[in-house]
Amino acid sequence: MNKLSDVLLSTPGENSTPIVLVLTEKFEDWQADLSEGERAWLGRQSFTAKPGQSAWLEQNGSARVICGWDGKDNLATLGHLPMSLPEGDYHLESPVGELQVLGWAMGSYQFNRYKTAKRKPARLFAELDESTRHVADAVALGRDLINTPAEDMKPSHLAEQIATMAETFNADLQVHTGDELLDLGARTIHTVGRAAEAPPVLADLTWGDADHPKITLVGKGVTFDSGGLDIKPGAGMRLMKKDMGGAAIAIGLAHLIMATQLPVRLRLLIPAAENAISGNAFRPGDVISTYKGLTVEIDNTDAEGRLLLCDALAMASEDKPDLIVDFATLTGAARVAVGTEISAMFSTSDEVAQALQSHGELTDDAVWRLPIHEDYEHMIKSNIADVLNCAASGFAGATTAALFLKKFVSDADWVHFDIMAFNTRARPGRPEGGEPMGLRAVYHYIAERYGPGE
Ligand code: BES
Ligand code: MN
Ligand code: ZN
């Protein structure tokens with residue numbers, strides 16, 4: 001597993017190269033101090049101090065890297081450098097922001113499980129908060145889990161990951177596997193996963209002082225989404241190894257909360273299953289009785305995520321936590337609404353939603369709220385069961401999914417994230433591939449709301 005914090009040096013390297021950030025709009029002024037030769041040299045490298053640009057400058061026998069800057073503290077400022085600068089150690093001459101350092105670490109990520117790395121990332125010396133290292137490592141953990149193909153990321157692998165984490169942080173863990181889910185009453189989780197060779201799993205981890213405020217994290221762990229009998233076309237299935245992205249985010253966030261020892265009582269609930277096709281697959285028209293007791297009529301076997309989540313959310317509600325946060329790669333409709341790079345968020349609390357949206361901005365982890373519009377509930381009415389798992393019309397598809405989930409939540413403020421969990425294009429600090437979207441925004445919100453204070 002990747003440890004991104006390894007590229008962040010806590011003592012300066014011996015042959016460390018300085019990096020200078022130059023504001024785009026101040027470039028002309030800044031250049032005035034250079035010799036004509038040096039100006040020409042930068043010109044030959046087409047350097048105009050725009051964000052994303054960097055150039056080498058040799059002055060009096062010592063080299064510096066000049067890096068264009070738009071004045072912001074975000075992941076993009078330095079995120080392109082660890083894989084574009086030559087291997088070695090660097091430090092900043094100008095003061096450095098927390099997100100800039102994190103962008104460097106996040107930009108150094110490579111998924112090397114199946115392919116040898118061509119090079120090492122460049123390393124950065126920066127004085128930084130210990131928690132930034134933990135954030136970087138949580139991001140790497142989430143990315144590794146998402147990037148791992150379904151063949152090597154079965155429900156049992158997710159459970160093993162959680163077991164390792166439970167051991168590290170001395171947490172309690174219960175894992176319910178296969179038919180044990182039926183004894184527990186978690187019939188929807190079992191039903192989604194029963195056609196796959198690898199049995200479905202529910203992992204239930206608890207950590208921290210019982211007197212601290214209770215927070216429960218839930219993550220959709222569909223290790224591969226074929227669509228089930230309502231099978232997806234090839235293009236729609238291609239990326240579906242990432243359908244456990246919600247679980248990866250919840251696991252990464254739990255790791256981070258425990259590593260930084262936030263004063264909360266944490267519960268992590270991960271329902272995991274592969275949505276596969278076989279003779280015993282569940283069918284459109286079936287009715288399943290849920291953990292909460294409500295019955296669900298299956299309209300579409302491809303709306304499987306909400307079936308995993310509904311039992312987990314009902315369980316999460318039982319011990320009346322302060323806050324329940326779930327993460328799920330739940331609907332294509334959320335992607336139509338806000339695209340792949342913004343996390344769609346729903347909440348029963350205006351206050352929490354507003355705070356989360358601003359923490360999204362503060363952490364360069366974009367979050368946008370969508371409505372839980374109760375008037376659309378008629379869209380998920382079933383003639384023969386308490387609720388239908390998916391509306392006949394695709395309009396407001398992310399909202400009707402949230403309305404379905406809300407029926408299973410009680411006695412807690414609730415936040416639901418409908419996320420992509422995957423960078424479909426490379427950006428500085430965000431290489432193409434798995435991305436635990438929303439993790440950092442939620443962590444900072446929780447740290448601020450429940451943290452020990454300064
Ligand atoms: N995992 C998918 C949703 C998804 C697809 C998220 C692509 C991100 C990118 C989910 O299980 C699904 O198949 N949803 C269906 C729901 C529909 C049948 C109501 C969808 O969005 O098409
Ligand atoms: Mn699906
Ligand atoms: Zn899915």
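A residue is near a molecule or strand if one of its heavy atoms lies within 4 Å of it. Around ligand 1 there are 15 such residues, and Lys232, Asp243, Asp302, Glu304 and Gly332 come nearest. The structure is a predicted model, in which local features need pLDDT of at least 70 and side-chain atom pairs count only at pLDDT 80 or more, while totals for chains, interfaces and linings use all residues. Residues are numbered from 1 along each chain as its sequence is written, chains are lettered from A and ligands numbered from 1 in the order in which they are written, and side-chain values use heavy atoms, with hydrogens and water left out.

The shell around ligand 1 was sorted by class. Ala, Val, Leu, Ile, Met, Phe, Trp, Tyr, Cys and Pro count as nonpolar, Asp, Glu, Lys and Arg as charged, and the others, Gly among them, as polar. On this basis the shell holds eight charged, four polar and three nonpolar residues. Several polar contacts were found; such a contact is a pair of N or O atoms within 3.5 Å, and within protein one must be able to donate a hydrogen and the other to accept it, with residues adjacent in sequence counting only if both atoms are side-chain atoms. A polar side-chain atom of Asp302 lies 2.8 Å from an oxygen atom of ligand 1. For Lys220, a polar side-chain atom is 3.2 Å from an oxygen atom of the ligand. Thr329 uses its backbone instead: a polar atom there is 3.2 Å from a nitrogen atom of ligand 1. On its own, ligand 1 has 520 Å² of accessible area, and the protein covers 77% of it. Accessible areas come from the Shrake-Rupley method with a 1.4 Å probe; for residues, only the protein chains shown count as cover.

Two metal ions were examined next. Donors are N, O and S atoms within 2.8 Å of the metal (3.2 Å for Na, K and Ca); water is not among the atoms, so sites may look incomplete. The manganese ion (ligand 2) has Asp225 (OD), Asp302 (O), Asp302 (OD) and Glu304 (OE), at 2.0 to 2.2 Å.

The geometry was then classified.

Helices (H or I, at least four residues) and strands (E, at least two) are DSSP runs, numbered from the N terminus. Lys220 sits in the loop between β9 (214-219) and β10 (221-225), and Asp243 in the loop between α9 (234-237) and α10 (245-259), so the pair ties together parts that are 23 residues apart in sequence. For manganese, the spacing is D-x76-D-x1-E. Asp225 lies in strand β10 and Asp302 in the loop between β13 (295-297) and α11 (305-318), so this pair links parts that are 77 residues apart in sequence. The two ions are 3.2 Å apart, and Asp225 coordinates both.

Buried means under 20% relative accessible area, exposed over 50%, and partly exposed in between (1.4 Å probe, protein chains only). Lys220 is buried at 2%. Asp243 is buried, also with a value of 2%. Asp225 is buried at 3%, whereas Asp302 is partly exposed at 23%.

Other sites complete the picture. Ser347 belongs to strand β15 (residues 343-347) and is buried at 5%. Its side chain reaches the backbone nitrogen of Ser349 at 3.0 Å and the backbone oxygen of Trp414 at 3.0 Å. In helix α14 (residues 397-406), nine of the 10 residues are buried, so the helix is largely enclosed by the rest of the structure. Among them are Gly397, Leu403 and Phe404.

Most residues other than glycine have a negative phi. Gln261 has a positive phi, near 50°. This residue is in the loop between α10 and β11 (265-275) and is exposed at 61%. Lys320 has a positive phi near 45°. Lys320 is in the loop between α11 and β14 (323-328) and is exposed at 53%.
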